Amino acid sequence: MEGVSIFAHARLDCKSDGIYTPTMPDAVLPVLYSFRRCPYAIRARLALQASSVAHELREVVLKNKPAHMLALSPKGTVPVLWVPSNLPAQGGQVIDQSLDIMLWALRQRDPNQWLPGSLADLQRSLEKIAVNDGLFKTHLDRYKYPNRFGLVNGLKDRDLASVLLLVLDAELQQQKFLSGPHWGLTDAALAPFVRQFAHVDRPWFNTQNWPALKHWMGNFETSPDFAKVMEKSQNEEKTGLSYSPN
Ligand SMILES: N[C@@H](CCC(=O)N[C@@H](CS)C(=O)NCC(=O)O)C(=O)O
């Protein structure tokens, strides 16, 4: 599995690169900058949780991103995983693509065998994830936020996205999970996006003829793993505020 090109992460030593500033909080664990409802961040949290890699979760306010997060990853999207350089194993990394964070976490530990067992299976998984992150996400955004795209409504995009969901349903009629006989990388990478699609108009989603997909989605939404990654952080709970040190 080593050497797969998609797993290209930046190596960054904050201190020696001079990016480090005294305002940056020290960390004794890898830090995940996250936004609770973001489907990309949800998939990253699912994989980190599955791997049991200890980490610190920092929930951010998207309108007021922490300076430290932006220094690590100026493109300003969540999730961002920072593995500080003082950590013994694999220190000094910034990983700012959700799929790369999933792969990083599962390569540390993968007790439930979420990673595909062969390079060919990994390739197939990455292809499905690419369709989700590309075409499906494009239609999802236009369906959910038609005004942003100058559309009267998102129904055309809903129907185009549905074609892709019917493909998933057909697959789930053949095998229990998108990853095969057990839940894995492909399921965790796609489920938060399918859930977002379902939430745009739940009554409509529920009346569609994709029984296996609805079953798969229902199991995901009611799973303890999903509940755990959606828990509000203590800081958010107490103050209503997310992590924002600057
Ligand atoms: N390709 C990125 C996309 C991440 C992304 O677009 N995240 C959204 C939130 S769901 C974001 O941070 N947007 C920036 C913003 O809203 O300011 C990944 O896979 O991590």
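Why is helix H3 (residues 98–108) largely enclosed by the rest of the structure? Of the 11 residues of H3, 8 are buried, so the helix is largely enclosed. A residue counts as buried if 20 or more other C-beta atoms lie within 10 Å of its own, as exposed if 12 or fewer do, and as partly exposed in between, with C-beta atoms placed from the backbone. Helices (H or I, at least four residues) and strands (E, at least two) are DSSP runs, numbered from the N terminus.

The model is predicted; local features need pLDDT of at least 70, side-chain atom pairs count only at pLDDT 80 or more, and totals for chains, interfaces and linings use all residues. Residues are numbered from 1 along each chain as its sequence is written.

The protein contains 10 helices and 5 strands, and buried residues make up 35% of its 246 residues. Among contacts (C-beta atoms, placed from the backbone, within 7 Å) with a separation of 6 or more, 68% are accounted for by residues 24 or more positions apart.

In H3, the buried residues are Ser98, Leu99, Ile101, Met102, Leu103, Trp104, Ala105 and Leu106. Their cover includes helix H1 (39–51), helix H4 (119–144) and H6, as well as strands E4 and E5.

Strand E4 (residues 80–83) pairs with two strands, where pairing requires that DSSP finds at least two bridges. With strand E2 (residues 31–34), E4 forms 3 bridges in the antiparallel sense, and Trp82 of E4 is the bridge partner of Val31. E4 also runs antiparallel to strand E5 (residues 93–95), again over 3 bridges; here Leu81 stands opposite Ile95. In a regular strand the side chains alternate between the two faces of the sheet. In E4, Val80 and Trp82 point one way and Leu81 and Val83 the other, and all are buried.

Helix H8 (residues 211–221) has Leu213, Trp216, Met217 and Phe220 as its buried residues. Seen down the axis of H8, these residues fall within an arc of 95° (taken from the directions from the helix axis to the C-beta atoms), so they line one face of the helix. The face turned away from the buried side carries the exposed residues Pro211 and Gly218. Helix H5 (155–174), helix H6 (185–200) and helix H9 (224–229) are among the elements covering the buried residues of H8.

The ligand is surrounded by Phe35, Cys38, Tyr40, Leu62, Gly76, Thr77, Val78, Pro79, Gln97, Ser98 and Leu99, a residue being near if its C-beta atom, placed from the backbone, lies within 6 Å. This shell has 7 nonpolar, 4 polar and no charged residues. Ala, Val, Leu, Ile, Met, Phe, Trp, Tyr, Cys and Pro count as nonpolar, Asp, Glu, Lys and Arg as charged, and the others, Gly among them, as polar.

Technical notes. Two residues are in contact if their C-beta atoms, placed from the backbone, lie within 7 Å.
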